[in-house]
Each structure stands twice: as structure tokens, then as C-alpha cells.
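Visitor: Hi, I have not looked at this structure before. Could you walk me through it?

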Amino acid sequence: MGKLFKVLGGLVLVLLLLIVAAVIILPMVIDPNDYKGEIVTQVKEQTGRDLKIAGDLKLSVFPWLGIDIGGLELSNAKGFGEQPFAVVKSAAVRVKLMPLLSRQLEVDTVGLDGLVLNLAKSKTGTTNWDDLVKGGAPTEDDKPQAAKGKGLEGFVIGGVDISNARISWDDRSAGQQYTVDQFFLKSGAIRPDSPVDLELGAQLQSKEPELNAKIKLDSTVSLDEKAGMLHLKGLNLQLDATSPLFQKGSMSANLKADVGLGLNGETLSVDGLSLTSDTLQLTGNLKGNNLAAKPAFSGTLNLAELNLREWLTGQGVALPETADSQVLTRFSADLELAAQGDVTRLNKVVIALDDTKINGNASLKGSAIGFDLDVDSINLDRYLPPVKEEAAAPAKTADAKGSGDEPLLPVELLRSLNLNGSLKIGQMVIKKLTAKQILVTVKASQGKITTEQKIGAFYQGSLNSVVNLDVAGKTPVMQLEEQATNIQAGPLLKDMIAKDKFDGKGNFQAKLQTSGNSINAFKRGLNGDLDFRFENGSVKGFNLAQMLREGQAKLKGEKLPASDEPPQTDFSEMGGSAVIQNGVLNNQDLLAKSPFLRVTGAGSVNLVAETLDYLVKPVIVSTAAGQGGEGLEQLKGIPVPVKLTGPYASPDYSIDWAQVVTGSQKAKLEEKKAEVKQQLDEKKDEAKQKLENKLKDKLKGLFN
């Protein structure tokens with residue numbers, strides 16, 4: 001037995017001597033630098049690239065079997081300049097020798113220092129690594145064969161340490177240049193079934209747009225082989241960027257989450273997502289499935305209320321001036337996200353913007369946008385530019401408001417629209433007009449756009465309209481059909497133009513078409529027809545009866561009569577129709593009625609020149625006091641032609657009193673004829689009565 005121990009002890013001693021001899025002798029006998037030339041030759045034959053090994057190759061055997069590389073440089077692809085494709089300042093990898101005897105792999109910290117990688121794409125789209133990855137599919141001989149015998153029972157890596165790396169990207173086809181500088185990656189010890197602390201960072205630089213960003217990421221990585229998942233717990237990504245794009249010159253953002261990634265590359269989970277940037281706070285959860293074939297994502301996102309105006313301004317977004325400086329100060333959103341392939345759906349959307357609440361859903365399929373939204377109430381005037389007070393001036397020049405030939409429609413944008421949606425609004429104010437119970441539907445495809453608007457409550461009436469816009473051709477073409485029912489014109493005009501010009505309950509129908517892309521072109525190309533009818537209203541600004549009284553007094557040389565009547569002309573009903581041809585409106589059947597007069601009218605309105613040539617003929621039908629006809633007895637039944645000419649905003653008017661006098665004389669002559677006829681008729685009746693009386697007396701005598 002003792003002899004056996006001596007033999008075993010001798011074997012151990014021999015083994016130890018062999019190991020010591022290997023540690024001492026191998027580095028002396030084997031010099032890895034002797035193989036530099038062969039390595040360079042093999043790289044040249046395999047890639048066509050030149051490899052330079054600047055430093056010495058150092059071999060270590062015990063207790064670590066490894067090699068240190070002093071420096072490497074790989075030349076660039078042909079046509080991409082003289083700068084090297086890749087440079088490594090130093091690299092080292094070591095494996096502990098003794099654990100290998102018991103099939104345990106224990107690797108020291110893998111180090112890589114001073115990596116410089118210059119990636120580029122030519123103007124033709126070729127990259128400077130295409131030649132490195134080209135080649136056919138691996139043959140059966142090339143494929144790794146399963147190791148025979150027992151493999152490793154375990155492995156340990158002391159960590160990964162990549163420092164001072166620099167990666168540049170030069171896309172000459174797009175004129176873009178990016179640089180990732182000061183890149184580092186550090187990890188703790190990597191052991192089976194044990195979490196690993198991971199830390200990485202980099203400096204990102206861009207010329208177009210000009211941007212300098214610092215990125216730092218921390219997380220704990222763990223592998224769950226049974227579940228087939230890689231987990232990143234406590235992921236913390238910090239971004240600090242500077243750029244002229246930001247109004248403050250800088251921007252910071254922080255992302256936190258717990259991320260799970262399937263080892264098969266098919267699944268992804270992001271739990272406890274939290275993204276903050278200044279006052280912006282976005283939270284949520286996301287799931288991803290079937291990532292390799294048809295990726296599908298779902299989840300929820302919540303944007304906490306923030307001052308959108310301040311946040312956007314801080315990010316360098318220039319906001320247009322608004323009439324109300326307090327709008328865009330309260331914004332929040334909640335939604336459910338579902339995306340697969342080219343289809344993205346936003347379900348259960350809840351948005352709060354200032355005093356407005358929006359609910360609904362939206363979708364994106366390729367370039368096609370769909371939506372179904374419900375807005376409770378919104379005052380759009382608050383979001384429009386403020387109304388500028390016009391300074392007093394002797395005359396307004398064309399340049400003050402533009403010539404009217406400026407492009408009106410964003411044609412290219414409209415041609416690209418692909419929409420199908422509906423929008424409900426409980427109440428909306430725009431340009432001081434108030435509308436309620438609104439339903440708007442929009443369809444747009446290939447430059448053809450159709451919108452339909454239904455307003456259930458519009459100034460005590462309703463309004464329906466359909467607009468068809470075709471921008472597919474060279475010249476935009478627009479068609480409009482509109483119908484207004486029981487609209488109160490007075491309040492409508494007061495809100496629209498802030499003037500009390502007209503009143504009455506009216507109905508209106510129009511079918512119009514025009515073409516062009518400016519206000520003037522729309523006017524010149526306007527064609528169609530319309531009709532209207534108003535009841536129990538008035539035309540404000542002039543009193544037709546008083547105008548007639550004043551004209552009558554001037555004609556007689558009498559003193560102008562005083563009047564305390566309001567400057568308006570009342571009517572019980574007024575209606576007519578019109579035809580529009582090339583921007584000129586022609587009306588021949590205007591008829592207005594009031595308790596004391598009837599008014600007919602005919603003429604034209606030039607919408608291009610904004611002038612009118614119109615003849616109005618009022619006829620006095622009653623001179624009863626209190627009906628507006630008092631003092632007009634002599635004009636009763638006589639048409640009074642009133643000519644309206646000039647700008648329709650402030651027309652000139654004149655009365656053809658010669659025709660009135662002629663009509664008056666004819667009326668008097670007819671009146672005289674009527675009196676004579678009446679007298680003759682009365683005498684005839686008297687003679688007839690006398691004859692009848694005589695005949696009765698004779699008959700009485702005959703029978704007596």
C-alpha cells in the first residue's frame with residue numbers, strides 16, 4: 001500500500017514538474033510573433049485586405065492560458081480612401097488552465113482597448129464591409145460539427161471590458177455622417193444561472209442635423225434557459241444631448257424598464273416603462289410576439305398631464321402665435337396600442353387638451369389613415385392667430401392683404417392624403433361662429449377628397465354640406481353642395497362680420513363648382529345656381545320708406561320730414577334665385593313683401609370685381625300709419641325704381657323720379673277715368689231705378 005502511494009506521489013510530482021517546465025519552457029521555445037507573417041498572408045488571401053500587427057504578441061501559459069495583442073490595423077475596402085477600416089490598440093483573452101482538466105471553462109476578463117471602426121457607404125450604395133460578408137452558403141464541411149465526447153460542464157467569464165472605442169458612419173449616398181465616440185462596455189463576472197451587471201456608454205455626434213449626445217446604460221442581465229428568456233432588470237438609459245435645434249441648447253431624457261427578450265428572437269416584453277424628459281412623463285407596458293416573421297406589438301401608454309407649450313418650446317419647436325396664450329398648456333393622453341405588419345391601431349384613445357376632451361380610435365395601414373373621434377367641445381378661435389387691429393389709413397393697398405393670387409391649397413400634401421374617418425363634435429366655435437351636434441366625414445385617396453359636414457344645431461337651424469375636391473390633375477377642381485334650413489340670419493351675421501346688416505329666418509340652397517388655386521381663381525371660375533327664402537326679417541342700414549318720403553319731399557321742394565323710425569326695412573318674406581357664370585351672379589326674380597310694400601329686383605353682382613348693378617322696384621301697397629307707409633299716399637301703387645351700383649360693400653343708389661312722376665300722372669289719369677266711369681255708372685243706375693219705379697206704378701194700376 002505504501003508502495004502504491006509512492007508511485008502515485010511520483011506521478012503527481014512528474015505532472016507538476018511537467019507543468020512547471022511548460023510554464024518556463026513554452027514561452028521560451030514558442031514565440032507567437034513568429035506567426036505574424038503567416039497570419040497577415042492568410043488575411044490577405046481570404047479578404048484582399050492588408051493586416052498590420054503593430055505590437056508584439058505575448059503568450060501566457062500558467063495559471064492563465066492566453067494571448068495579448070499589442071495592436072492591429074485592417075485596411076479599408078477599395079474606393080473608400082486610405083484610412084483603415086478597423087484599428088485595435090490592444091486586446092487580451094485568457095483561459096485558466098487547471099479548471100480545463102475538469103471540463104470547466106474559466107475565462108479572465110475579455111479586454112479590448114482603442115477600437116476604431118470606420119463604416120461607410122458609397123454614392124452607389126456599396127458599403128466598405130460588403131467584401132467581408134460576401135460568399136456562398138457554408139458547405140457541409142464548413143458547418144461546425146458536434147463535439148465528440150463530453151463537453152464542458154460549466155463556464156465562468158470574469159467579465160467584458162471594452163474601452164475607448166470609436167465607430168464612425170459616413171453615408172455618402174445620403175450625405176449623412178454620424179460618430180459614436182468614447183464607447184465602453186463593462187460587465188461583471190458571467191456565470192451560469194447568475195445575473196450579470198452590465199454598463200455601457202457612448203458619445204454620439206452628428207453633422208446633419210448638428211447633434212452631440214451622451215448615452216449611458218445600466219442594467220442587470222440574467223439568463224433563464226428553462227423559459228428561454230434573457231432578462232434586463234432595472235434597465236436605466238440616460239440621454240443628454242446638445243444641439244442648436246433645442247431652444248435651451250440641450251435636452252435630457254431618461255428611460256427605465258424591465259425588458260425580457262426570448263432567446264429564439266420571437267418574443268419581447270417591456271414592463272414598467274417610464275420615459276421622462278424635462279416635464280414629459282410617459283409610462284406603459286409593451287408586448288411583442290412573432291418578431292422574426294410578422295412582428296406584432298401590443299400595450300398601453302399613458303402621457304401624464306404636461307404644459308405642452310413649454311415642453312415643445314424647450315425642444316426647439318417654434319409654435320405659431322395664438323389668440324389665447326394659455327392654450328396648449330394642459331395636455332395628457334391614454335391609449336391602447338396594437339401593431340402588426342404595416343397596420344398600427346390606437347384603441348381607446350383618451351386625450352385632454354386644455355378644456356377639450358377627445359375619445360375614439362385611429363389606425364394606420366401603410367399610408368392609409370383611419371379615425372373615429374368624438375370631441376366634446378372646442379373653441380378653435382383660441383388656437384388661431386390673434387386678430388390684428390388694422391391701423392387707420394386713407395386707403396388699403398393690395399399688398400396689405402395680398403393680391404388674391406397667392407396659392408391657397410397645399411396641392412402636393414393633398415395629393416398624398418389617404419384618409420377615411422369621421423369626427424363628432426358636441427360644440428365648436430370658429431371665427432366666432434357657434435355650431436353644435438357636428439358630424440364630419442372625410443375620404444381622401446389619389447388626390448380626390450370628399451368631406452361631408454352635418455350640423456344639427458346652427459343658429460336655431462341646421463346646415464348640411466358636401467365638398468368634393470379633385471387635385472389629381474394640373475388644376476384643382478372643387479364642387480360644393482350646401483343646404484341651410486331655418487337659419488337665424490341676424491345672430492349669424494353678427495358673429496360672422498360683427499355687423500347688424502340683416503335679420504330673418506331663412507333657408508338656403510346652393511350647388512356650385514369652381515377651379516384654380518387662389519381666391520381670385522376661385523371667383524373667376526365660380527359657376528352654379530342657388531336659391532333662398534327669408535321670413536319675418538329686415539334689411540338694416542336704410543329705411544326704404546323714409547328714403548321714398550325724403551325723395552318725394554325733395555321733388556316737391558318741401559321740407560324733409562322728420563322720422564324717429566329705425567334705419568331698417570322690414571319684410572315679412574323675401575326670396576329669389578340666382579345663376580352664377582364665371583364669377584358673375586345674375587338674379588332676376590327677387591321678391592320681398594312687407595305690410596306696406598312689395599319689392600321686386602333684378603340685376604347682377606360681379607364677384608371678381610366686387611361690384612353690383614342692380615335695380616330694385618318697391619311698390620307702396622298700404623299707407624296705414626304704423627305700417628311704414630304713412631306720408632306716401634301719393635306713391636301708392638306706383639313702382640319706384642332704385643338703382644344700386646358700385647362696390648357691393650358700400651353701393652351708390654339713385655331713384656328715377658321721372659319714371660315715378662310719369663307713373664303718378666298715369667295713376668291720376670286712371671283715377672280720373674275711374675271717377676268719371678263711376679259717375680256715369682251711378683247716373684245709369686239712377687235712371688234705371690226711375691224707369692223700374694215707373695214700370696212698377698203702371699203695373700199696379702193695371703191690376704187695380
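Guide: Here is a short tour that goes from the whole chain to single residues.

Visitor: What kind of model is this, and how are residues numbered?

Guide: It is a predicted model, in which local features need pLDDT of at least 70 and side-chain atom pairs count only at pLDDT 80 or more, while totals for chains, interfaces and linings use all residues. Residues are numbered from 1 along each chain as its sequence is written, and side-chain values use heavy atoms, with hydrogens and water left out.

Visitor: How many helices and strands are there?

Guide: The chain has 11 helices and 36 strands, taken as DSSP runs numbered from the N terminus (H or I with at least four residues for helices, E with at least two for strands).

Visitor: And how much of it is buried?

Guide: Of the 704 residues in the chain, 30% are buried, where buried means under 20% relative accessible area, exposed over 50% and partly exposed in between, with a 1.4 Å probe and protein chains only. The chain exposes about 43,400 Å², of which carbon and sulfur atoms supply 57%; such areas come from the Shrake-Rupley method with a 1.4 Å probe, and for residues only the protein chains shown count as cover.

Visitor: Where is the largest nonpolar core?

Guide: The largest nonpolar core has 38 residues, and Ile 438 and Phe 458 touch the most other members. Its largest share, 6 residues, comes from strand 25 (residues 433-445). A core here is a set of buried Ala, Val, Leu, Ile, Met, Phe, Trp, Tyr and Cys residues joined through side-chain atoms within 4.5 Å. Another core, of 27 residues, lies apart from it, and Ile 580, Ala 592, Val 599 and Leu 612 are among its members.

Visitor: What does Phe 458 touch?

Guide: Leaving out residues up to four places away in sequence, Phe 458 touches Thr 434, Ala 435, Leu 463, Ile 487 and Leu 492, with contact meaning heavy atoms within 4.5 Å.

Visitor: Switching topic, which side chain does Ser 168 make a polar contact with?

Guide: The side chain of Ser 168 is joined to that of Asn 118 by a polar contact of 2.9 Å. A polar contact is a pair of N or O atoms within 3.5 Å; within protein, one must be able to donate a hydrogen and the other to accept it, and residues adjacent in sequence count only if both atoms are side-chain atoms. Ser 168 lies in strand 11 (residues 160-171) and is buried, because its relative accessible area is 14%.

Visitor: And Asn 520, buried or exposed?

Guide: Asn 520 is buried, with a relative accessible area of 18%, and it lies in helix 9 (residues 519-524). Its side chain makes a polar contact of 3.0 Å with the side chain of Asp 405.

Visitor: How many aromatic pairs are there?

Guide: There are 3 aromatic pairs, counted when ring centres of Phe, Tyr and Trp (its six-membered ring) lie within 6.5 Å; planes under 30 degrees apart are stacked, over 60 edge-to-face and the rest tilted. The rings of Trp 129 and Trp 169 have centres 6.1 Å apart and planes at 45 degrees, so this pair is tilted. The pair links distant parts of the chain, 40 residues apart, with Trp 129 in the loop between strand 9 (116-121) and helix 4 (130-133) and Trp 169 in strand 11.
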